[in-house]
Amino acid sequence: MWNKDKSVILSQILIKIMYVGIVVCCIIAPPLVKMYDERVILMAGLESVFIPLLVTLYCCVPPAVTALVHLDLLLLNIQRGRPFIIKNVRYLRIISFCCFCGAALFIYFAVLRPFAWAIVAAAVFFGIILRVVKNCFQQAVELREENDFTI
């Protein structure tokens with residue numbers, strides 16, 4: 001039977017897979033970007049985006065890893081039965097800032113290729129969702145602390 005413990009464990013496994021995915025993407029990014037550049041951009045007669053896209057992707061790695069680390073810490077607290085603590089509010093805030101940082105980094109590439117605005121919009125959207133969830137967690141922490149002081 002599916003329960004919350006299995007859900008948390010599944011989420012933790014998916015995060016570990018994402019760590020591996022980031023490493024793999026860092027390794028295979030240059031040939032993939034080169035292939036994209038040769039087959040899509042240059043064949044269409046457009047200017048090469050090899051360096052700008054590669055720089056954008058590699059600059060997005062630190063915020064992505066930071067977000068994964070804090071998501072992992074958040075899930076660890078939830079697994080330990082401590083969902084509504086101030087640390088989790090901080091973790092959600094950091095993860096949302098990572099989304100906004102990724103969006104800001106992709107603006108650089110979106111100036112060159114308009115399709116990248118979709119990535120910017122998605123990152124901003126996720127950042128906003130996380131801010132709302134963070135605010136809910138913050139109110140839950142305040143309510144829990146208030147109830148702890150009530151006799």
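**View 1. Helix α1 passes helix α2 in a right-handed crossing.** Right-handed means that the near helix is turned clockwise from the far one by less than a right angle. In this predicted model, local features need pLDDT of at least 70 and side-chain atom pairs pLDDT 80 or more, while totals for chains, interfaces and linings use all residues. Residues are numbered from 1 along each chain as its sequence is written, and side-chain values use heavy atoms, without hydrogens and water. The axes of α1 and α2 (residues 50-59) come within 10 Å and cross at roughly 150°; axes are lines fitted to C-alpha atoms over the stretch in contact, with angles from 0 to 180 degrees between N-to-C directions. The two helices, α1 and α2, are therefore roughly antiparallel, the word for angles over 145 degrees.

**View 2. Helices α3 and α4 pack at about 160°.** Here the axes of α3 and α4 (residues 86-112) lie 9 Å apart, which makes α3 roughly antiparallel to α4. Contact residues include His-70 and Leu-74 of α3, along with Tyr-91 and Cys-98 of α4.

**View 3. A salt bridge joins Asp-72 and Lys-16.** Their side chains meet at 2.8 Å, N to O; a salt bridge needs a Lys or Arg side-chain nitrogen within 4 Å of an Asp or Glu carboxyl oxygen. Asp-72 sits in helix α3 (residues 61-79) and Lys-16 in helix α1, 56 residues apart. The structure holds two salt bridges. Helices here are DSSP runs (H or I) of at least four residues, numbered from the N terminus.

Technical notes. Parallel < 35°, antiparallel > 145°, perpendicular 65-115°, else oblique. Contact = heavy atoms within 4.5 Å.
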